[in-house]
Amino acid sequence: MMIQQTSRKTLNREKQPIAVIGAGSWGTALALLLSKKGYVVRLWDFDPEHIKNLNNERENSRHLPGIQFPETLLPTSNLQEAADGAPTLCMVVPSHGYRKVFQDLVGYLGEDTVIVSATKGIENDTLQTMSQVMSDVLEPSKTDHHPERAVLSGPSFAKEVADEVPTAITIGCKNKGIARELQQLFNAAYFRVYTSSDIIGLEVSAALKNIIAIAAGICDGLNFGMNARAALITRGLAEISRFGIKLGAEPATFYGLSGVGDLVLTCTGDLSRNRTVGLRLGKGQTLEQILADMSMVAEGVKTAKSVYQLAQQKQLEMPILEQVYQILYEDKDCRTAVKDLLGRELKPE
């Protein structure tokens with residue numbers, strides 16, 4: 001029998017185990033946050049060798065070197081072991097592998113499991129956000145229950161969270177009781193959590209800011225200065241808002257932490273993988289060279305393809321996105337793209 005969202009009751013998750021699915025930098029940072037609060041956290045990754053190293057070294061030397069794991073942080077490569085008996089599960093898997101991992105995970109979910117998606121991207125094949133991917137997998141014909149779903153989003157570099165640098169993020173969930181419960185679960189002295197019911201708005205802003213960050217990196221790589229970067233961030237926010245509202249998001253979301261907050265961080269911070277991609281493109285390197293050197297995923301590269309297709313379908317004008325797409329997938333010269341962007345027909349703001 002499927003549990004309806006309207007009848008679901010909040011659960012007391014105090015001291016219950018938590019599963020974090022994905023042991024990259026962000027997944028590890030969240031696992032560290034929760035385990036430091038005293039929770040038993042099972043951190044899963046598909047790579048047994050990576051998990052072996054995490055257990056042996058008691059740190060993620062690949063992504064967050066020097067930060068020791070608490071005793072309650074338990075790495076595992078067994079998906080069932082990670083999910084078993086965990087009422088809260090965080091999905092921190094790159095968008096291109098999200099569906100496959102979630103399909104494998106469904107059979108281990110309980111009716112009262114709450115799934116928190118912390119992945120910032122849009123699937124290429126289906127053009128779905130991660131919450132939409134989960135809904136697709138969790139159709140009644142495929143499973144007997146629908147776990148509650150939430151989204152975690154906001155300006156949050158993994159290294160800074162792991163280093164306990166003050167950070168503020170947003171938890172999005174349609175069920176206000178679950179949202180408040182997750183707010184308490186994740187909140188810490190250095191990690192302030194707000195709530196929202198606008199899941200699609202949080203997902204759109206989280207995904208699209210990575211594309212604008214690539215553009216900002218290109219500008220910096222071309223040495224165009226602060227004026228260009230400020231203009232790009234501002235007009236990028238306009239594109240993100242236009243796109244999100246078309247998909248049903250609330251306009252106010254784009255002026256909050258997940259919107260302008262995450263956009264500013266990702267476009268200006270040296271820890272931004274997407275800005276780094278753009279920076280190197282602006283300096284003349286090819287995308288193939290850049291991706292070959294990176295050990296972590298820059299979601300904006302794949303998301304640019306998805307969003308470009310969606311914008312075409314919905315007849316949305318998104319000039320920055322179009323130029324980034326052409327640079328990434330049509331080998332357009334960066335300076336030519338900037339010239340074309342600035343040379344468009346003049347119009348009111």
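**Figure 1. Residue classes in the lining of the largest pocket.** By class, 17 nonpolar, 17 polar and eleven charged residues make up the lining of the largest pocket in this predicted model.

**Figure 2. Helices around the largest pocket.** Two or more residues of the lining of the largest pocket come from each of the elements α1 (25-36), α4 (95-105), α6 (158-162), α8 (199-221), α10 (257-268) and α11 (273-282). Among these elements, α4 gives the most to this lining, contributing four residues.

**Figure 3. Centre of the second largest pocket.** The volume of the second largest pocket is about 710 Å³. A set of 27 residues lines the second largest pocket, and R235, I320, L341, L342 and R344 are the ones that lie nearest its centre.

**Figure 4. Helices around the second largest pocket.** The elements that each supply two or more residues to the lining of the second largest pocket are α8, α9 (225-246), α14 (319-329) and α15 (334-342).

**Figure 5. Residue classes in the lining of the second largest pocket.** When the residues that line the second largest pocket are divided by class, 17 are nonpolar, two are polar and eight are charged.

How values were computed
Residues are numbered from 1 along each chain as its sequence is written. This is a predicted model: local features need pLDDT of at least 70, side-chain atom pairs count only at pLDDT 80 or more; totals for chains, interfaces and linings use all residues. Side-chain values use heavy atoms; hydrogens and water are left out. Ala, Val, Leu, Ile, Met, Phe, Trp, Tyr, Cys and Pro count as nonpolar, Asp, Glu, Lys and Arg as charged, and the others, Gly among them, as polar. On a 1 Å grid over the protein atoms alone, a cavity is a set of points where a 1.4 Å probe fits but cannot get out, and a pocket is an open set with protein on both sides within 12 Å along at least five of seven lines; lining residues have an atom within 4 Å of a point. Grid points are joined across faces, edges and corners, and a volume is the space filled by probe spheres set on the points.
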